[in-house]
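Here is a short report on selected local features of one model.

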Amino acid sequence: MTTTPDADYMGFVGVTTGSSSIMKVFPLWADILGLPTRRLIGHDLPMDASPEQYRALVEQIRDDPRHRGALVTTHKMNVYAAASDLFDELDPFAVSCSEISSIAKRGTRLSGRAKDPITVDLALNDFLPADHFATTGAEVVILGAGGSGTALSWALSERDDAPAKVTVTARDDAKLEHLREVHRQHGTRDGLIEYVRTDTVDDAASLVAAAPRGSLIVNATGLGKDRPGSPLPDDAVFPGDAYVWEFNYRGSLEFLHQARAQQAARNMHVVDGWRYFIHGWSQVVADVFELELTPEIVEQLARAAEGAR
């Protein structure tokens with residue numbers, strides 16, 4: 001969406017923001033919530049954007065009085081790495097997880113927050129029984145150690161019904177070391193998180209196939225959204241009774257299609273990223289515009305968004 005002179009707006013920092021359902025949903029939510037603007041604009045940056053590009057964008061948001069704040073998707077860890085010093089305040093999640101998913105203004109102060117540990121937990125609780133791990137002995141395999149995978153592993157470590165083991169994968173050691181440091185600072189109990197480098201899709205498939213029945217298998221790599229592909233090969237075998245969670249709701253969604261192909265035969269629960277999208281956006285909108293959300297309001301927003309899915 002384009003802006004007109006002197007019109008306030010909210011921003012969306014991503015890769016292909018124009019394809020997101022939020023472009024149709026935001027004006028509807030603005031009406032429901034009574035926001036001061038119905039305008040949302042996308043700030044598209046390439047996957048390999050430079051630190052200078054991130055800093056320039058944060059400075060633009062900070063210095064434009066019409067810009068109310070922004071949600072950051074794919075780039076949240078890079079925004080923190082390149083521009084965290086430009087923020088006047090960062091919440092503990094942002095510092096511990098080294099990511100910024102919500103950019104807001106508090107008077108003249110620029111605020112950065114990491115909302116993912118909250119939103120991923122809300123989305124998880126929408127479909128996973130509260131006592132699932134205690135009653136089944138299931139484990140978790142998170143494919144991808146970026147911002148969303150880090151947030152989910154954090155949320156699982158805080159869960160009353162914590163799994164016996166959470167395996168998190170990455171293609172390079174640096175991401176795994178960063179995640180290990182996040183959990184060290186967090187005080188996560190020893191032995192809960194297993195950090196595994198997977199150089200090939202077959203390495204990842206072996207971990208998934210070995211997971212116990214009922215395990216939670218998650219695509220947190222971003223593959224299937226901004227870039228085509230899946231972290232698993234087409235012949236990967238999911239555990240029986242598994243909960244399979246694709247964090248994406250749009251794109252080529254290869255991982256989701258792989259899971260659905262086995263859903264009936266292996267009695268799996270397959271979930272896409274739509275509710276994660278709803279919680280992620282509603283939490284950031286509430287942060288930017290300083291609103292309190294009740295579960296009832298979130299459900300109202302979810303119903304309004306359904307037509308744009």
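Leu-90 has 29% relative accessibility, so Leu-90 counts as partly exposed. The class follows because partly exposed covers the range between under 20% (buried) and over 50% (exposed). The model is predicted. Leu-90 sits in strand β4, residues 89-90. Setting aside neighbours within four places in sequence, Leu-90 is in contact with Tyr-80, Ser-84, Val-95, Ile-100 and Gly-112. Glu-306 is 216 residues away from Leu-90 along the chain, and their C-alpha atoms are 33 Å apart.

Next, helix α7. Helix α7 has twelve residues, 147-158, which at 1.5 Å a residue should span 16 Å. The end C-alpha atoms of α7 are 17 Å apart, which agrees. How many of the twelve residues of α7 are buried? Eleven are, and α7 is mostly covered. Among the buried residues are Gly-147, Trp-154 and Ser-157.

Last, a helix pair. The axes of α1 and α12 come within 9 Å and cross at roughly 145°. Is the crossing of α1 and α12 left-handed or right-handed? The crossing is right-handed. The table lists the residues that meet.

| Helix | Residue range | Residues in the contact |
|---|---|---|
| α1 | residues 22-33 | Val-25, Leu-28, Trp-29, Ile-32 and Leu-33 |
| α12 | residues 295-306 | Ile-297, Gln-300, Leu-301, Ala-304 and Ala-305 |

By class, this contact of α1 with α12 has nine nonpolar residues, one polar residue and no charged residues.

Terms used: Residues are numbered from 1 along each chain as its sequence is written. This is a predicted model: local features need pLDDT of at least 70, side-chain atom pairs count only at pLDDT 80 or more; totals for chains, interfaces and linings use all residues. Side-chain values use heavy atoms; hydrogens and water are left out. Axes are lines fitted to C-alpha atoms, for helices over the stretch in contact, and angles run from 0 to 180 degrees between N-to-C directions. Helices (H or I, at least four residues) and strands (E, at least two) are DSSP runs, numbered from the N terminus. A crossing is left-handed if the near helix is turned anticlockwise from the far one by less than a right angle, and right-handed if clockwise. Contact means heavy atoms within 4.5 Å. Ala, Val, Leu, Ile, Met, Phe, Trp, Tyr, Cys and Pro count as nonpolar, Asp, Glu, Lys and Arg as charged, and the others, Gly among them, as polar. The expected span of a helix is 1.5 Å times one less than its number of residues. Buried means under 20% relative accessible area, exposed over 50%, partly exposed in between (1.4 Å probe, protein chains only).
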